[in-house]
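Dear colleague,

I am passing on the structure we spoke about, with some notes on what turned up when I went through it. Please read them with the model open beside you.

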Amino acid sequence: MSTQNIPEITTELKKDIVKVPPVIRQASGIKIFGKKIRSIIFTTDIAIIRNTDADAVIAVYPFTPHPAITKSIIEAADIPVFSGVGGGLTNGSRSAFMSLFAESQGSIGVVMNAPTPLETIRQVDTTVDIPIVSTVTSIYTPIEDKLKAGIAIINISAGKKTAETVQHFRNIYPDLPIIATGGPTDEDITSTIAAGANAITYTPPTNGQLFKEKMESYREKELPHQ
């Protein structure tokens, strides 16, 4: 069967974007409200979010979730946003209120940390009408009761054991939507997809790294021609 060519349109000002590894397109994707999502960029940097070819963004960060941050990211993004709403130190009614705020601003889903109490998941589930994503850090993360409480998708981030962890939960839950970190190489991403991940999160270079590359190219252009 021949592969149909995909026309691509860009402009001179928009061609310099952060591209996710093309191998991620091998994933089946997760269809949420009619939108198929395969690649999810992991960042809260608004400049990167506005300049990427990823299908969606997962905006979680190591601080207490705040409405101002959620609002800024969603307003800046032109792709679907999964918003972090706590679950660790931040839980209970605050997580439920943050989830409702995220939904009202346009989030396609909310993300809860691995230690989220079951009661908090239930509170969020009865508050919003968007999928709840639960972070999974190892094969020992208890998810059965969380699924019963309202979790719709799991997001596996298990370091070097991510593919192994994906395989573990895929064997138990054949139809469960699974997002997973892909790792630094195409081989790692391929292994994670083969293990059963439906969508892959990609951590982009930092703003500083991207600026370094650009400045080096500028300096190269200023060198005298030999």
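Does Ser 134 count as buried or exposed? Please bear in mind throughout that this is a predicted model. With a relative accessibility of 2%, Ser 134 falls under the 20% cut-off and therefore counts as buried. Ser 134 sits in strand β7, which covers residues 132-136, and, leaving aside residues up to four places away in sequence, Ser 134 touches Met 112, Lys 146, Ile 151, Ile 153, Ile 154 and Asn 155.

Next, the strands around β5. In strand β5 (residues 81-84), Val 81 and Ser 83 point one way while Phe 82 and Gly 84 point the other way, and all of them are buried. Strand β4 (residues 56-59) runs parallel to β5 and is joined to β5 by three bridges, with Ile 58 standing opposite Phe 82 of β5. Between these two strands the chain passes through helix α2 (residues 67-76), and this β-α-β crossover from β4 to β5 is right-handed. β5 also pairs with strand β6 (residues 109-112), again in the parallel sense and over three bridges, and here Ser 83 stands opposite Val 110 of β6. The chain goes from β5 to β6 by way of helix α3 (residues 93-105), in a β-α-β crossover that is right-handed.

The other region to look at is helix α7. The buried residues of α7 (residues 186-195) are Ile 189, Thr 192, Ile 193 and Ala 195, and, because they fall within an arc of 160° when seen down the axis of α7, they line one face of the helix. As a general point, an α-helix has 3.6 residues a turn, so residues three or four places apart point the same way. On the other side of α7, Glu 187 and Ala 194 are exposed. The cover over the buried residues of α7 includes α6 (162-172), β9 (178-181) and β10 (199-202). After α7 comes Gly 196, whose phi is positive, near 130°.

Finally, how do α6 and α7 lie, roughly parallel or roughly antiparallel? The two helices pack at an angle of about 10°, with their axes 8 Å apart, and α6 and α7 are therefore roughly parallel to each other. Where they meet, α6 contributes Thr 162, Ala 163, Val 166, Gln 167 and Arg 170, and α7 contributes Ser 191, Thr 192, Ala 194 and Ala 195.

Note on methods:
Residues numbered from 1 in each chain as written. Predicted model: local features only at pLDDT ≥ 70, side-chain atom pairs only at ≥ 80, totals over all residues. Heavy atoms only, no water. Buried < 20%, exposed > 50% of the residue type's maximum accessible area, 1.4 Å probe, protein only. Helix = DSSP H or I, 4+ residues; strand = E, 2+ residues; numbered from the N terminus. Pairing = 2+ DSSP bridges. Right-handed = clockwise from strand over helix to strand, strands pointing away. Arc of directions from axis to C-beta. Contact = heavy atoms within 4.5 Å. Axes fitted to C-alpha atoms, helices over the stretch in contact; angles between N-to-C directions. Parallel < 35°, antiparallel > 145°, perpendicular 65-115°, else oblique.
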